[in-house]
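Work through the two exercises below with the model open. Each task is followed by a solution in steps.

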Amino acid sequence: MKNVIEAKGLKKIYKMSKTNIVHALNGVDLNVEEGEFTAIIGPSGSGKSTLMHIFGLLDKPDEGTLIIDGIDMSDLKDKEAYKLRAKKIGFVFQGFNLIPALSALENIMLAGKYGGMKMSERKQRAIELLKLVGLESRMNHKPNELSGGQQQRVAIARALMNKPAIILADEPTGELDTKTSLEIIELMKKLNREDKQTFLLVTHNMEVAKDCNKIVEMRDGKRVS
Amino acid sequence: MYTHNMLEILRNLWRRKFRTLLTIFGIAIGIFAFTVMGSMALKLNKMIDGGKKYITGQITIAPKGTDFMMGQMGAMLPVDTLNKIDKVEGVEAVTGGIEMSLDEPNPDDPASMSFGIPATIEGMDLKTDFKNRNWETMEMKEGRMIKEGDPDDVIAIGSTIALDKKWKLDDKVKIRGREFKVIGILDKTMSGPDSYVFMSLDSTRELYVESNPFLKSLKEQQAQAASISVRELASLPKATRDQIMQAKAFKMEDLSTMGSVSWKDGVNSEDVANRIKDQFKDEVIVLSPKKMGEEIDKASAMMNAVILGGALLALLVGSFSVINTMIMSISERTREIGIKKSLGASNRSIALEYALEAGVIGTLGGLLGIGIGVLLIVVFNNKMAETGAEIFLLDFTFLLQVLIFSFVLGIVAGIMPAIKAAKMKVIKAIREM
């Protein structure tokens, strides 16, 4: 299997002040294979979110190498980063992060816009994805007219818009009740199973992580398992 | 794509209706002032251009002591001097003329003071070979221009005079107590001639003498003075003798308050003007076409700066409200910016989106300001048209330029906030979510 993510010796230091230096990542190695459903678990401050930001090209490591879908990110310029982010990476956030002024359909289409998709293609694909997540009938509803579970479904559909190499989900069930959480995880697993969509999930909920292909445990900026 | 973007921009603006409307209104006030002041400047410039065209088409001669800026044009130009100027190298023709106010000045009636060019009688020498190089013929709306051979009691009038005085073609009208027949009404020129009454020089001289007690007295004494012999004259006291000599020498056909000189083809007008200046420096003031053109341009630039400066100040204040609104908007939409960047939006596209939003605010403010401004101008001009003294010139190109300017102003005001939005760190924005 091809590696979607190949990370070796990733280090990230935050200098909060002259004396307060935080080693957020302290030499992390991690490979994520295509079609894999990986969960990263660990307590707060363990470095899992920093790792997600680096994988999502939202931040740069101070040391180490990172290859995403065969492309070495070491020498990547900021201008190239946003293009890769749009085409190779999908994000699902804890707080759904939909744009309030846009309808469900428009929120999904927005990802297509930044991914360079044509307008007609964008709409067609967004409708297909809304069907896939079971929200076709709610396409013209604004986020505040949808339940938390429905908003997260829209966010998943948006993450799928540009057929990314990997979807990074940062605590996707953190703001949902147990029943809805399970529905969302089930939807992601279905997409992983049926469409071979690669997922990398950050969670502190073992219930959510238990059925994943791989579980990575982080502690104090290091991978412990 | 652009329609979609525009819809999103309009929707974002509508999300904060009250604030957006206040900002638009701030810009609208500035653009309104700019439209109205600009239209006024356009009208004044048009009037000035007409005058400039006329004055640069000839060398104008005035008696020494004339102050054009203060409107003191009462001094006489000796006919001998004009005859001598006619012989200066390069001069093609010289003509004398009289310009005088159409109505007798009434300092007790402030309403007699008018905006723009005052109603003026332009005494024309119809027998002269002189021709203004830039203004040989006048376009007529009705009838015809006065010409050589016409009786002395016919006049042609400018469009503003026709409106103001309600004079029509073939009307018999009274000017300073004398009756004239209107045989022509000029097309609107938006400049000086609109306020002119064109009259034969002989008739103008008569009116001029009537209006000047000293000349009137000389004219009345002329016949009596002519009958006094040289011997009788010598026996009189000096003061009386001088007065009688003046009366004897007085000739109506010598009366001129100004002269116009044309130059021969292929000759430099400035050279001719300088020659006249050198030879007659103690007698006349010479206004060369080039110098007059420069002076008019200078005055016009100063006037435009004063008129448009105030309007630009209002616009500046308006543009600060756009900056304020955009900064507020960006602070409130940090989350959105983070989301968009995480979806792959480039710094450029974020900056463009916010700059365009500011541009749309500017354009909407521009449309509102122009709309109100045009409405006011139309109402005002219609009201003033009754007296022929419209003070605004509505020009579509100018309005289009103002609209484009309001868009650019919005963009410029939005640049700083837009760059701020574009430079926002995604992680910071995400952490604020």
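**Exercise 1.** Trace the open sheet of chain A from β6 to β10.

Solution. Six strands make up this open sheet of chain A, with mixed pairing, in the order β6-β7-β8-β3-β9-β10. The edges are β6 (89–92) and β10 (222–223) of chain A; each has a single partner strand, so one side of each lacks a neighbour in the sheet. Strands here are DSSP runs of E with at least two residues, helices are runs of H or I with at least four, and both are numbered from the N terminus. Two strands pair if DSSP finds at least two bridges between them.

The model is predicted: local features need pLDDT of at least 70, side-chain atom pairs need pLDDT 80 or more, and totals for chains, interfaces and linings use all residues. Residues are numbered from 1 along each chain as its sequence is written, chains are lettered from A and ligands numbered from 1 in the order written, and side-chain values use heavy atoms, without hydrogens and water.

Step 1. β6(A) runs parallel to β7 (residues 166–170) of chain A, joined by four bridges. I89(A) has I166(A) as its bridge partner.

Step 2. β3 (residues 37–41) and β9 (residues 214–219) of chain A are also parallel, with four bridges; I40(A) is partnered by V216(A).

Step 3. β9(A) and β10(A) are antiparallel, with two bridges, and R219(A) pairs with K222(A).

**Exercise 2.** Describe the turn between β9(A) and β10(A).

Solution. These strands, β9(A) and β10(A), form a hairpin with two residues between them. In the turn, D220(A) has a positive phi of about 50 degrees.
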